[in-house]
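Here is a short briefing on one protein chain. Look at the sequence and the fold first, then read the points below.

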Amino acid sequence: GINAEYGARIEFELIPMTNWLAVLLFVSFSLLNQSMAQDPPGTAYISTHASNVPLDPTTLQYKDEEIKEWHFHVYWFQTNKANTKAAMDLHQALLTAVTNKEFIVIFHGITNDIVPGVNTSNIPPINTHPRGPHPCGSFEVWTPKEFLPQALSWFMRNRGELTILLHPLSRHEVEDHSGRAMWLGPPMRIDLTDLEEESAEVPLEYPELGLGYSAKTYRNSVRLDDK
């Protein structure tokens, strides 16, 4: 009886490892498929895991025309006094730059005296806590393509130790905030679950300015000389 039991244990232990891996992979994919089938619409996934198998390129094809508008999101740790002060100092410096007609961007603090004609009711507030996909304190800076180079140069030169997310505005919010996103400073994990995979139209945030997606002719657009 002992020898038979010992032999059975040896035989069990000698089963090729590849067979066990195949079983584990099968179970994992089965559970993943069940989970995906149960998840509500709009659920988004992003992973830090890697694979040596390339992604299916057809899943990364998006039918978008030229990208003409972007958001900068300035991040800071809202419970850190020094970090908060750095962010508010940057905010004030940016307001001064726009007031001095260095470029046109729209964010909290912009008025019609600074950018004539802008609908200030559409300007989001400063977030003093995590909000939407953003994991910490933040403020949003809308930037049209006409002034993207100047705004990007300004943030590169003035951000200090702050992290800044730069993402495009298109019909694909999840991709805009992940695959298409760029970072100044260390990247941070954001929550994609509230973002839309695909919307019917490109969002127009400040069409009254005639910039970005709303620019028909340069003559109809707000220029620095108009401020």
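K85 is exposed, at a relative accessible area of 53%. This is a predicted model. K85 pairs with D89 in a salt bridge, with the closest N and O atoms 2.8 Å apart. D89 is partly exposed, at 40%.

**Salt bridges**

- The structure holds 5 salt bridges.
- K85 and D89 sit 4 residues apart in helix α3, so about one helical turn separates them.
- R171 and E198 also meet through their side chains, at 3.0 Å from N to O.
- R171 lies in the loop between β3 and α5, and E198 in the segment after β4, so this pair ties together parts 27 residues apart in sequence.
- R171 counts as buried because its relative accessibility is 17%, and the cut-off for buried is under 20%.
- D64 forms a salt bridge with R180, and their closest N and O atoms are 2.8 Å apart.
- That pair links distant parts of the chain, 116 residues apart: D64 is in the loop between α2 (17–38) and β1, and R180 is in the loop between α5 (173–176) and β4 (182–184).
- D64 is partly exposed at 24% relative accessibility, and R180 is partly exposed at 22%.
- D64, D176 and R180 are linked in a network of salt bridges.

**Nonpolar cores**

- In soluble globular proteins, nonpolar side chains tend to be buried together.
- Here the largest nonpolar core has 36 residues. L94, F103, I106, I110, V115 and F155 have the most contacts inside it.
- Five elements each supply at least two residues of this core: β1 (69–76), α3 (81–99), β2 (137–144), α4 (148–158) and β3 (163–168).
- Helix α3 gives the largest share, 6 residues.
- Which residues does F155 touch, not counting those up to four places away in sequence? They are F72, V74, L90, L94, V141, I164 and L184.
- A second, separate core has 8 residues, including Y75, A181, I190 and L192.

**Overall fold**

- The chain has 5 helices and 4 strands.
- Along the sequence, they follow the pattern α-α-β-α-β-α-β-α-β.
- Of the 227 residues, 33% count as buried.
- The chain exposes about 14400 Å², and carbon and sulfur atoms supply 57% of that area.
- Take the contacts between residues at least 6 apart in sequence: 67% of them join residues at least 24 apart.

Note on methods: Residues are numbered from 1 along each chain as its sequence is written. This is a predicted model: local features need pLDDT of at least 70, side-chain atom pairs count only at pLDDT 80 or more; totals for chains, interfaces and linings use all residues. Side-chain values use heavy atoms; hydrogens and water are left out. A nonpolar core is a set of buried Ala, Val, Leu, Ile, Met, Phe, Trp, Tyr and Cys residues joined through side-chain atoms within 4.5 Å. Buried means under 20% relative accessible area, exposed over 50%, partly exposed in between (1.4 Å probe, protein chains only). Contact means heavy atoms within 4.5 Å. Accessible areas come from the Shrake-Rupley method with a 1.4 Å probe; for residues, only the protein chains shown count as cover. A salt bridge is a side-chain nitrogen of Lys or Arg within 4 Å of a carboxyl oxygen of Asp or Glu.
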